[in-house]
Amino acid sequence: MNLLIFVVGTGLAIIAARPLSPPRLRRAATTALIALMVIAPFITSSTSILFDALTAMCIAYGWNIIGGFAGYAAFGNVAYLGLGAFVAAGFMSRQPGHLAWPWFVGIPLAVVIVSLIAGAVGIVVLRLRGHYFSIATLGVGVAMPQVITSDAAFGSHGLFPNFFGGGLPLNFPLADDIRVGGAVLDADRFFLYGLGLGTALAGWTITRLLARSKFGYGLVAIRENEEAAEVMGVNTTISKVLAYMLSAALAALGGAVIGYKLTNMTTEAEALFSTTNNLQMIIICLIGGVGTLWGPWIGAFILFGLQEGLRVVSSSAEFLAWQGVIFALLVVLVVLFLPRGVMLFVATRTRLTWRVFARNLVAHRV
Amino acid sequence: MDFVQHILNGLLQGCILALIGLGFSLVWGILNIINLAHAAFIMLAAYVTYFLWSLAGIDPFISLPLTMAVLFGLGYILQRYVINLVMGATILTTFLLTFGFESLLVNLALRLFSADTRQTKPIYANASFSIGPLYVPYTQLGAVVVALLLTYLLYLFLDHTRTGSSIRAVGQDRVAARLMGIDIGRTYALTFGIGAALAAASGTLLSTTSGFAPNGFSAFNVLAFSVVVLGGLGSIPGALLGGLVFGLVYEFGGTYVLSQRDVVIFAILILVLVLRPTGLLGREGYR
């Protein structure tokens, strides 16, 4: 059933993304897609993989803003993903010494705090370009988990004692099942899935507004030629930092909701800050199409659809073990053969032939 | 005396870091590629050394040339038949591509070799000699000798051979080098192979001095980058200096400042990039 939702969802997203089809059809497809995602938990027995796809999509939308629109290849957004989860857990945890705030306070607050931190980091690293920027952000990704676990800031005698557990386990509270009349709606299947869908829609809406705004055009101008953009009156510094903050905010939002579902932050820290998570947002954008509104949506549905399909045909534990290998191989193949992603076929009149895949190589070989 | 011992440890460690930075710097300076698979090459070499030692009983310092040859071959093939195909594309392409190779190799290693920590332990592994109150482990000393020797050999090769000159020529001006009859694709592959071989040497040395697991190497990419940035791109003495400085930082940062060494290193990297992007001894890198 989930596989069917992925296939239908990808189809609807492609129709909605196609600039050549009539606007009314595109609007109808968009509405149908959102409706499909809303009724999804009622027609499928487990929304777990849909939740994964939607939160990953939100994070990918975040990467798309800085990496796609502004053309600054950030490799450390996983830092904000994990940080978002930890900060939200710090506010929401019901353990002694924590604040036990409800999710609708804790998560937005975490997003705001993380984007402010990202702003401070961004002011420094966005002075760099190209390789230098990418490596510096990669460094942020390496350093962040160490900062979070450092005793100097978050240990029992540190600046913020025990905010991140300080050696003790840090837990999100368990999400409660919703009771409507006599029916009990399972928290995982309905409530957390709803939050996941919310994050994806937030990412999509922000990108949609961004793509048509002056700010968004400014970012594209920076990507194409930063000096020219500056001359044309784009305040490149402010635009870049804002884009970086937005990107981190979406990563934090997705991360916080993922953390809420995983519950135990101390044992899951490694999973949150993993290379797989770091790679996932980039591969989603690449598969779909970097710097486009529908790219991350299509990319996430294709990636997780593939995952679900493989799980159906093979035994799931075996597949999970090879997931990292498959992801990495996908990155290599897409970079080599289809750098513009599926959008190449959706947005232009390019037909699907073998020659299309070789085109990138012919154009760029030594 | 503790202090002097730390300085010594830092310098010993720094020689290996310099070797890591050297291969990274060569590939970056000549090919304009940030090779994120560099850490994975180090990791692979550590495993080759480990298995040669544990299965065939070959001493790591004897298997070193063999390990370097294996990694040279891998690097040559990767560059010649894959990366050369997209050399003309934007820098993001090669960055992502090597990023993909890195996670491919690490994940494969995790599947094939498991995540267990291993160490190549020849009989002299824990032995050391002392100069007065200072202790020098034999493996560390061997590592320093190998690192300095390889650095010197690389300098001789680049400066005093025809092939070395052609590599430098390609780094300076690709079009002019091609007009002089240099096979660009082959030179690129050769350079990338040498970079991989240097990474292999450091991997062999690291496998004898400390325990390792497949996913413990990713910090070396940022470290190699920092070494090159601090020393200056395209400068062999620069890489050596950068390595020694970071060796000291690693030792002292870990002992006195923060237990989180990578944070210290990252902070230095950012400072250098913002304040002195040309490094201590180098020209400004490619943008």
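Set aside the neighbours within four places in sequence, and His98(A) is in contact with Gly90(A) and Ser93(A). Keep in mind as you explore that this is a predicted model. His98(A) sits in the loop that runs between helix H4 (77–92) and helix H5 (103–125) of chain A.

Let's move on to helix H3 of chain A, which covers residues 48–69. Its 22 residues reach 30 Å from the first C-alpha to the last, close to the 32 Å expected at 1.5 Å a residue. Along the way, H3(A) bends by about 35 degrees at Trp63(A). Because 19 of its 22 residues are buried, H3(A) is largely enclosed by the rest of the structure. Just past the end of H3(A), you will find Gly71(A) with a positive phi of about 70 degrees.

Finally, look at where the two chains meet. Chain A brings 37 residues to the contact and chain B brings 39 residues. On the chain A side, at least two residues each come from helix H6 (130–148), helix H13 (275–288), helix H15 (316–337) and helix H17 (354–364). Which helix gives the most to that side? It is H6(A), with 12 residues. By residue type, the side of chain A that touches chain B divides into 25 nonpolar, 9 polar and 3 charged residues.

Methods:
Residues are numbered from 1 along each chain as its sequence is written. Chains are lettered from A and ligands numbered from 1 in the order in which they are written. This is a predicted model: local features need pLDDT of at least 70, side-chain atom pairs count only at pLDDT 80 or more; totals for chains, interfaces and linings use all residues. Two residues are in contact if their C-beta atoms, placed from the backbone, lie within 7 Å. Helices (H or I, at least four residues) and strands (E, at least two) are DSSP runs, numbered from the N terminus. Ala, Val, Leu, Ile, Met, Phe, Trp, Tyr, Cys and Pro count as nonpolar, Asp, Glu, Lys and Arg as charged, and the others, Gly among them, as polar. The expected span of a helix is 1.5 Å times one less than its number of residues. The bend at a residue is the angle between axes fitted to the seven residues ending there and the seven starting there. A residue is buried if 20 or more other C-beta atoms lie within 10 Å of its own, exposed if 12 or fewer, and partly exposed in between; C-beta atoms are placed from the backbone.
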